[in-house]
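Here is a short report on a two-chain model. Look at the sequence and structure first, then read on.

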Number of protein chains: 2
Amino acid sequence: MTERIRVGIVGYGNLGRGVETSIGLNPDLELVGVFSRRDPVTVQTAAASTQVFAIAALADFTDKIDVLILCGGSKSDLPEQTPELAARFTVVDSFDTHAKVPEHFAAVDAAAASAGTVAVISTGWDPGLFSLNRLFGEAILPQGNTYTFWGRGLSQGHSDALRRIPGVAGAVQYTLPSESAIERVRAGENPALTTREQHDRECFVVLEDGADADAIREAIVTMPDYFEPYDTTVHFITAEELARDHAGMPHGGFVIRSGETSEGVNQTIEYRLALDSNPEFTSSVLVAYARAAARLAATGATGAFTPFDIAPGLLSPKTPAQLRAELL
Amino acid sequence: MTERIRVGIVGYGNLGRGVETSIGLNPDLELVGVFSRRDPVTVQTAAASTQVFAIAALADFTDKIDVLILCGGSKSDLPEQTPELAARFTVVDSFDTHAKVPEHFAAVDAAAASAGTVAVISTGWDPGLFSLNRLFGEAILPQGNTYTFWGRGLSQGHSDALRRIPGVAGAVQYTLPSESAIERVRAGENPALTTREQHDRECFVVLEDGADADAIREAIVTMPDYFEPYDTTVHFITAEELARDHAGMPHGGFVIRSGETSEGVNQTIEYRLALDSNPEFTSSVLVAYARAAARLAATGATGAFTPFDIAPGLLSPKTPAQLRAELL
C-alpha cells in the first residue's frame, strides 16, 4: 500500500463530524486530528480515538498534514479561514454563497498561489456536483435550458422563521420541488420558471398550549418572501412527533438539462440526489476533493481550484489504469 | 471573438452527421470538412455548405485542422484509425467496446505521445458520461453499490437477430430497464442484480405474408442469449407502423449509486439520460470533448486521455471566471 494521505479537520459541527466518519470509509486517508476553536477537552468526536487540538496547534502540523478540510460556515468562517489557512496548508472547503464565489476564489487564489499550496473551494453538492451537472448540460446541449430543483429538504432559514411566530413551540420546514413544474420540464416543454414556481413549502408545527391554530396557519401562509409567494402546506403535530420524525437533515434535488440537438429531437439529462443527511453527504464530497487536492499538490500544482478545474479521476483512490478497466 | 477551433470529421454515418449538426450549434467551433472513405461526390451532408474530401486528402490539412472527430465504428474502424490519425492530428473518438478500452488506450497513447498530439478516447455516454457518474458515485459513497440500467433504447444487434428469423419482414427491438429492479435500487435495498435481471426486451415485428405469428413469437422468446434469459414482449405490427413509429434511434438509461455514509443513513445519486436520438447525443458529447482536446493540445499536453482525465471546465466555451460566476 502506498502512503496514506494525512488529513486534518478544521471545525467540528455537523460537517466536521461527517468528515471524520467519511475518512473512516476511505482506507487511503488517515485522520491526523480535529482542530477546533473550542477547548479541545469539550469536543466530543464520533470516534473516541480521534485526537482534538486547539486551532492554534496547527502551527506544529505544517509537515504532518497533507490537506486540511475546512468545515466552518460560509457566512463568516470560510471567508477568513480559507485564505488564511491556504497560506500554510493545502485546503478544501465547501463555500456555498453562490454570489460571493468570485470574490472568495480571488482571495483564496492569491493566498494559495503565493504560498505554493492548492486550495479547492466550493465542493459539496450545490455548489459542487450540481454545478458540474449544469456545466456538462450546457456544454453538451448548447441549445436548451437548465433547471435546478431543490428538495425534499430541510431549510434551516425557513424553520427559524416559523419558530419566531408567537404561539409556535417548535417547527421544521421542508422545501419541495413542485411536481407540476418537474413534469413540464421532463416533457420537454422548456418552460420559463422562477425559483418560486419550481418549489413548494411544507411546514410541521408544534403549537404552544392555548395557541390558535387557524391564526398561526394564516400567519405562516401570508408571511412575505418566506411563504406567501409559494404553495405552502401547514401540518400541526405534537412535540413527540417532531422529535421522532423530523430530527434528520434530509435534502436533495435535481438538475435537469433539456435541449434539442436538431429540429424536434429532444434530449434530457437529469441528475438527482436523495440524501438522508445533507451534512454527511457534503462531508463525503469534501473528502473526495481532499484526495484530489493532495494529489494536485503532490504534482506541484498551486493556486485555487473549483470542481470545474479538477479531472474526475483525481477523486478516486483507484489508479488511472484501474479506472479505465473497471469503470469506463 | 477569439479564434475558432478548426474541426474535421472522419467518417460520415449517423455519428458524422450528428457531429456536423452539433458543430453548427457551437459558435466557437468551425467545421473544415468531412473526410470519407467513399467517393466525396456521393456523400450527402446535412448542410449543403459542408465540404467533403477523400480521406487521403487529410495529408494536406495538417496545419488547417486543430482536432479531428473520429466517427467510425468501434469494431473495426477505430482500433486502426485512432492510433493512425493520432500520429498526425489531435483526435477524439467514442470507442465503446468496454472490454477493449485498456488495449485501445495503450495503442492510442503510444501514437499520441510520440507524435506530441492529444487523443481523447471513449467519449460519448457509455462509455463517457455514465462512466463519469460511476466514478463520482464510488468516490463519494465508497460504501455502496452502483447500478447501470440501459433503455428505453433501440438495440441494433437484437433488431438484427429478429430480422434473421424466417418469416420476419422487418423488426426493431427496444431494451427497457426493469421497473421492478429500479424500484428495489431506489428504495435503498442494494440488491445483487445481473444485467439480465435489470432489463426487459420489447420487440416490434412485421410478418411476411403467410408467416405463422405464434411460431415466430416462440422462436423469439426462446432464442438463447438474445431473448430467452429476459422478460420479452413481442408485438406484431404493420410495415406502415414500423416505418411511422419506429424510425428513430432513442436510447438512454440510468446510473444509480446508493450508499450509506453512516449506519442507516442512505444517500442516492441518480443520473438519467432520455434521448430521442442516440447518435445525435453521442455526437454532441464528442463535440464538447473535441473542444477540450484542442485546448489541452494548445497547452502542450500530449498522449491519450479519457473523460476521467479531463477537467470539466475544458468542455465549456466559457472562461473559468464566467463558469465560476454563472454556473458554480
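## A salt bridge between chains

E138(A) and K318(B) join their side chains in a salt bridge, with N and O 2.9 Å apart. E138(A) sits in helix α4 of chain A and K318(B) in the loop between β14 (303-305) and α11 (320-326) of chain B, so the pair joins two chains. A salt bridge here is a side-chain nitrogen of Lys or Arg within 4 Å of a carboxyl oxygen of Asp or Glu. Helices (H or I, at least four residues) and strands (E, at least two) are DSSP runs, numbered from the N terminus.

The model is predicted: local features need pLDDT of at least 70, side-chain atom pairs count only at pLDDT 80 or more, and totals for chains, interfaces and linings use all residues. Residues are numbered from 1 along each chain as its sequence is written, chains are lettered from A and ligands numbered from 1 in the order in which they are written, and side-chain values use heavy atoms, with hydrogens and water left out.

## Other salt bridges

Over all chains, the structure holds 28 salt bridges. Four of them cross the interface of chain A and chain B. Another pair is E183(A) with R186(A), at 3.7 Å from N to O. These two residues are three apart in helix α6 of chain A, which means about one helical turn separates them.

## The interface

Chain A gives 65 residues to the contact, and chain B gives 65 residues. Contact means heavy atoms within 4.5 Å. Of the interface residues of chain A, 100% are also interface residues in chain B, so the copies meet through the same surface. About 5500 Å² is buried between the chains, 63% of it on carbon and sulfur atoms. Buried area is the accessible area (1.4 Å probe) that two parts lose on being put together, summed over both.

Polar contacts across the interface involve 26 residue pairs, both residues at pLDDT 80 or more. A polar contact is a pair of N or O atoms within 3.5 Å; within protein, one must be able to donate a hydrogen and the other to accept it, and residues adjacent in sequence count only if both atoms are side-chain atoms. Elements giving two or more residues to the chain A side include α3 (101-115), α4 (129-140) and α10 (278-298) of chain A. The largest share of that side, eleven residues, comes from β13(A).

## How the copies are related

Chain A superposes on chain B by a rotation of 180° with 0.0 Å of shift along the axis (RMSD 0.2 Å). That is the relation of a two-fold axis. Of the residues of chain A, A311(A) comes closest to the axis, at 2.0 Å (C-alpha).

## A sheet across both chains

Six strands form an open sheet in the order β7(A)-β12(A)-β13(A)-β13(B)-β12(B)-β7(B), with antiparallel pairing. β7 (144-150) of chain A and β7 (144-150) of chain B stand at the edges, each with a single partner strand, so one side of each has no neighbour in the sheet. The twist averages 10° from one strand to the next. Two strands pair if DSSP finds at least two bridges between them. Seven bridges join β7(A) to β12(A). T148(A) stands opposite V255(A) in β12(A).

Helix α6 (179-186) of chain A lies across β7, β12 and β13 of chain A together with β13 (265-275) of chain B. This helix runs at about 25° to β12(A). Axes are lines fitted to C-alpha atoms, for helices over the stretch in contact, and angles run from 0 to 180 degrees between N-to-C directions.

Note on methods:
Copies are superposed by least squares on the C-alpha atoms of residues with pLDDT of at least 70 in both.
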